[in-house]
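Welcome, and thank you for taking a look at this protein with us. Please have the sequence and the 3D view at hand as you read along.

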Amino acid sequence: MDQAIRAEGLTKRFGPRTAVENVTFDVPAGEVFGFLGPNGAGKTTTVRVLSTLIRPTSGTAEVAGVPVAEETGEELRRRIAVMTETPGLYLRLTVRDNLEYFAGLYGIPRRNLDGRIDASLEAVGLGGRHDERAGALSKGLRQRVGLARALLSEPQVLFLDEPTSGLDPVASREVRELIDGLRDRGVTVFLTTHRLEEAERLCDRIAILNTTLRIVGSPEELRRRLFSSALEVRTSAPLADPAAVFDGVGRWESLGDSSYRVQVPEPESAAPLVARAVVAAGAGLVRLAEAKHSLEDVYLELVGEDVEAAR
Amino acid sequence: MNPRIGAVMRKELREYRRNKLVVGTMATLPAMFFVLPLISLLALGPGTSEPTMKGAAGAALLWLLIMPLLLPPIVAGYAVVGERDQGTLEPVLTTPVRREELVLGKALAVLIPTVGVAYALYAIFLVVVRLRAVHEAWRLVSGPGQLIALAVFAPLLAAFSIWVGLAISTRSSDVRVAQQLSAFAVLPLVGLVALFTFRVVSPTVRVAVFGALLLVVLDVGAWRIVSRLFDRERLLTRYGRT
């Protein structure tokens with residue numbers, strides 16, 4: 001199985017409202033794939049369609065080698081696991097009771113039950129906490145139990161819907177470390193989030209969705225495709241005639257505070273030229289560095305206008 | 001038993017055991033309804049006329065038979081909408097469990113304690129009547145007809161009441177509304193049971209066999225219907241088939 005997930009022209013409408021339109025992407029097996037978008041962009045809807053919880057209006061998809069369809073739903077769901085935004089634990093039951101229930105739903109034989117539950121809890125750092133009541137756990141620990149539950153069936157594809165939503169920074173970091181661990185185990189992870197730094201840190205590739213799919217690629221590819229490379233220059237005092245200094249190198253703009261951005265095709269070869277031009281103009285060079293665009297810049301470039309328009 | 005049905009049933013029973021409302025309802029509701037008819041039966045003396053005796057015995061038996069109808073709506077009404085409210089339904093729907101298995105597991109988890117309470121109550125009732133009531137009262141409530149009627153009809157009536165509760169729960173957006181509607185929906189059946197208990201309709205063997213077979217057919221049909229109503233998409237989004 002080369003591709004863990006394939007979606008082709010996936011569309012989902014709820015009555016007159018279009019939640020997802022004509023979405024096409026592939027996720028190779030073993031990849032951590034980030035699905036980014038603002039609230040209401042269709043991320044959860046896409047996960048629900050791919051996990052056969054809801055039917056697509058049109059388009060086709062295949063997950064873990066099984067076509068997404070009502071008649072194949074049981075087989076598909078056997079090969080995947082979904083961790084929903086809130087872990088949805090039975091708070092009156094113990095951690096073990098919660099996991100035992102889901103092990104039963106996945107048809108895990110009782111002779112393997114203890115081993116699987118122990119391994120899942122160990123994987124999320126909760127070994128030995130079987131008998132604690134789920135309702136007595138902190139939000140972060142509940143999230144971990146939710147993840148342990150998702151690991152029980154040893155899924156080929158794991159859907160994580162906003163796994164760090166509502167968690168404090170420490171708990172968020174712990175969940176991110178767990179996701180990193182899943183990559184090492186070869187699990188394909190489909191991660192929906194609107195935390196950009198989380199996606200950048202964890203994901204091999206990222207898709208940005210806002211009802212329609214805006215872009216797919218690695219964070220680096222997205223930056224390259226959306227932003228031309230540039231150098232950032234800071235001088236000891238504002239240049240008297242910046243055009244005379246930078247025009248020969250590339251398009252430039254002033255960032256204020258004696259700082260300038262110069263667009264160049266190849267930052268490495270252009271940097272010495274810029275340095276020489278600044279010195280030749282009699283200015284002191286304080287800083288010269290390649291301009292870095294964050295994933296947030298990419299995201300805002302693609303989605304920011306939609307969000308503003310919606311307001 | 002299918003392991004997935006067993007898993008659903010065990011989980012539901014564990015949850016009920018830890019839910020004070022469910023345990024309290026299961027323990028107090030039958031007793032509340034049952035105590036007065038039992039006392040009125042015990043109060044009858046040896047010279048009581050036969051119609052009065054039959055009326056008191058009929059009332060006591062009526063409560064024994066309708067208790068399996070009235071208990072399930074409180075629990076079954078919660079079964080689906082309650083899970084949706086507390087956010088536990090969606091993770092369950094992402095597993096390979098079939099909807100027929102899920103609803104059957106939930107139904108069995110309500111049926112077992114309901115029938116258990118009904119049988120236990122009848123046993124206590126018989127002991128008390130044997131020890132404290134006049135012989136004529138004992139004769140009217142302990143015949144083979146009464147025993148078989150309770151043994152056969154208590155689970156069949158309870159099952160039907162459970163399916164009604166589950167059907168309403170799949171379509172409700174509020175736990176209390178689901179419970180109240182479920183209780184209201186089984187009232188016609190309570191009336192039907194009363195007709196037999198008070199011998200307005202004569203409970204012959206043929207009528208009893210026909211009634212039992214009809215309830216079996218209704219229960220199986222209701223299981224199918226509730227399974228169809230249990231549409232994943234509709235439960236999560238209010239859109240979907242059925």
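## A sheet in chain A

In chain A, four strands form an open sheet in the order S12-S13-S11-S14, and their pairing is antiparallel. At the edges stand strand S12 (252-256) and strand S14 (285-290) of chain A; each has a single partner strand, so one side of each is left without a neighbour in the sheet. On average, neighbouring strands of this sheet are turned by 20° against each other, direction ignored. Please keep in mind that this is a predicted model.

How do strands hold on to each other in general? Strands of a sheet pair through backbone hydrogen bonds, either parallel or antiparallel.

Let us go through some of the pairings. Strand S11 (residues 230-235) and strand S13 (residues 259-263) of chain A run antiparallel and are joined by five bridges. Within this pairing, A:Ala230 has A:Gln263 of S13(A) as its bridge partner, and A:Leu231 stands opposite A:Val262 in S13(A). Helix H10 (residues 267-280) of chain A packs on the sheet, where it touches S11 and S14 of chain A, and its direction makes about 25° with that of S11(A).

S13(A) also pairs with S12(A): the two run antiparallel and are joined by four bridges. Here A:Trp252 has A:Val262 in S13(A) as its bridge partner. S12(A) and S13(A) form a hairpin with two residues between the strands, and in this hairpin A:Asp257 takes a positive phi near 55°.

## Another sheet in chain A

Now turn to the open sheet of four strands with the order S2-S1-S4-S5 in chain A, which has antiparallel pairing. Which strands lie at its edges? They are strand S2 (17-28) and strand S5 (66-67) of chain A, each of which pairs on one side only.

S5(A) pairs with strand S4 (residues 58-63) of chain A in the antiparallel sense, over two bridges. There, A:Glu62 has A:Pro67 in S5(A) as its bridge partner. Helix H1 (residues 43-50) of chain A packs on this sheet and touches S1, S2 and S4 of chain A; the direction of the helix makes about 115° with that of S1(A).

| Residue | Partner | Strand of the partner |
|---|---|---|
| A:Ala230 | A:Gln263 | S13(A) |
| A:Trp252 | A:Val262 | S13(A) |
| A:Glu62 | A:Pro67 | S5(A) |

## A look at A:Arg205

A:Arg205 has its place in strand S9 (residues 205-210) of chain A. A polar atom of the side chain of A:Arg205 lies 2.4 Å from the backbone oxygen of A:Asp26. Leaving out residues up to four places away in sequence, A:Arg205 touches residues including A:Asp26, A:Val27, A:Pro28, A:Phe33 and A:Val216.

The size of an interface is often given as the accessible area lost when the parts come together. How much area is buried between chain A and chain B? The area is about 3100 Å², and carbon and sulfur atoms give 54% of it. In chain A, the residues that lose the most area to chain B are A:Leu53, A:Arg92 and A:Leu105, together 22% of what that side buries. In terms of contacts, 29 residues of chain A touch 33 residues of chain B.

The rule finds 13 residue pairs in polar contact across this interface, both residues being at pLDDT 80 or more. Strand S1 (3-14), helix H2 (73-79) and helix H3 (95-105) of chain A are the elements that give two or more residues to the side of chain A that touches chain B. H3(A) provides the largest share of that side, with six residues. By type, the residues of the side of chain A that touches chain B divide into twelve nonpolar, five polar and twelve charged.

How many salt bridges cross between chain A and chain B? The rule finds nine across this interface, and the count over all chains comes to 38. B:Arg14 forms a salt bridge with A:Asp97, with the closest N and O atoms 3.4 Å apart. This pair crosses between chains, from B:Arg14 in helix H1 (residues 3-17) of chain B to A:Asp97 in helix H3 of chain A. The side chain of B:Arg14 also meets that of A:Glu100 in a salt bridge (3.1 Å, N to O).

Key
Residues are numbered from 1 along each chain as its sequence is written. Chains are lettered from A and ligands numbered from 1 in the order in which they are written. This is a predicted model: local features need pLDDT of at least 70, side-chain atom pairs count only at pLDDT 80 or more; totals for chains, interfaces and linings use all residues. Side-chain values use heavy atoms; hydrogens and water are left out. Contact means heavy atoms within 4.5 Å. Buried area is the accessible area (1.4 Å probe) that two parts lose on being put together, summed over both. A salt bridge is a side-chain nitrogen of Lys or Arg within 4 Å of a carboxyl oxygen of Asp or Glu. A polar contact is a pair of N or O atoms within 3.5 Å; within protein, one must be able to donate a hydrogen and the other to accept it, and residues adjacent in sequence count only if both atoms are side-chain atoms. Ala, Val, Leu, Ile, Met, Phe, Trp, Tyr, Cys and Pro count as nonpolar, Asp, Glu, Lys and Arg as charged, and the others, Gly among them, as polar. Two strands pair if DSSP finds at least two bridges between them. Axes are lines fitted to C-alpha atoms, for helices over the stretch in contact, and angles run from 0 to 180 degrees between N-to-C directions.
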